[in-house]
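Hi,

Here's the structure I said I'd pass along.

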Amino acid sequence: MSLQASLNKRPKHDGRLSMEFQYRGNKTVLSNCYQNPPLRASRPLYINPANRSEATVYLVETSGGIVEGDHNVFDIDIKEGADVCLIPQSATKIYPSYNGIWSSQDMDITIGPKASLSFKTEAVIPFEQARFNSKTVIQMTSDSTFLWGDILSPGRVARGEVFEYTDVRTNFQVWMDDECLIYDPLLISKDNMGLKKMGMLEDHLFIGSMWFVTPTIEEFDIRELNERLQESPHSKASASMLEGKAVNVRWLASDLVDLKKEMNRIWDEFANYIV
């Protein structure tokens, strides 16, 4: 049987992970959880020394990656006063789409009043011929807090597989009290774009993004942050303030390890600012 015929016979996986968090008895608890393979969640851990009531949960994808036609859905509901940190167990690997079928992921997150969500930075790695579509929508209130980091990889760089995927399309949205605060769509289609041109990626390979939204963000010194970002020899980065309500930092880099170190440093700085 050919590889394509084998893929046609493979059952499609529609993973779903629904979680509800509530603040009870001086800590955040996972009050409801529904898991449909290959998505899984760890039990809550209380490992943040700066906030012992915060629930830390690891997100697990047991199949090792998203195959063509697969569709994963995350529904996360964080009730009033709850503090949650979500950590992907590993990078999200997107396998080749030999039949041209897209794989996809939807993530819907609700953050209630005086609640917070910190989502640890991890990479999406699209393999050769991969086609991937993702949509992330966050609904939050003006007194809640949100910290998010992600990295788009050009592929399996160690194998020399750089921008060999077909299409990657992402759509990232943050809504605050029914007002659209952030709308950040991204499409990379290597056959239709000159990625090395000036104003595109030029010689860089990795795109890092971080979003930080908190009620006291206006006190943050965005100029000082930009000055420190320029000190890194491993990447180009810039930070901007959005309507006095959110900070966005964007990186372009050629080394994943150095980029993750730099993003983790800024992520920790933002996380400390929450406390």
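Searching the whole structure, which is a predicted model, turns up nine aromatic pairs. One of them is Tyr95 with Phe127, edge-to-face, with 5.1 Å between the centres and 75 degrees between the planes. Tyr95 sits in the loop between strand 7 (92-94) and strand 8 (103-111), while Phe127 is in the loop between strand 9 (116-126) and strand 10 (131-140), so this pair ties together parts 32 residues apart in sequence. Tyr95 is partly exposed at 27% relative accessible area, whereas Phe127 is buried at 8%.

Then there's Phe119 with Trp148: the ring centres are 4.3 Å apart and the planes at 25 degrees, so that pair is stacked. Phe119 belongs to strand 9 and Trp148 to strand 11 (residues 145-152), which makes it another link between distant parts of the chain, 29 residues apart. Phe119 is buried, with 7% relative accessibility, and Trp148 is buried too, at 5%. Both belong to a cluster, linked by ring pairs, that also takes in Phe146, Phe172 and Trp211.

As for the overall picture, the chain has three helices and 16 strands. Its radius of gyration is 19 Å, close to the 19 Å the globule rule gives for 275 residues, so the chain is as compact as a globular protein of that length. Of those 275 residues, 48% count as buried. If you look at contacts between residues at least 6 apart in sequence, 74% join residues at least 24 apart.

On charges, I get 29 positive and 38 negative side chains, with the centres of the two sets 6 Å apart.

Cheers

Notes:
Residues numbered from 1 in each chain as written. Predicted model: local features only at pLDDT ≥ 70, side-chain atom pairs only at ≥ 80, totals over all residues. Heavy atoms only, no water. Helix = DSSP H or I, 4+ residues; strand = E, 2+ residues; numbered from the N terminus. Rg over C-alpha atoms; globule rule 2.2 N^0.38 Å. Buried < 20%, exposed > 50% of the residue type's maximum accessible area, 1.4 Å probe, protein only. Contact = heavy atoms within 4.5 Å. Lys, Arg positive; Asp, Glu negative; His and termini not counted. Charge placed at Lys NZ, Arg CZ, Asp CG, Glu CD. Phe/Tyr/Trp six-rings, centres within 6.5 Å; stacked < 30°, edge-to-face > 60°.
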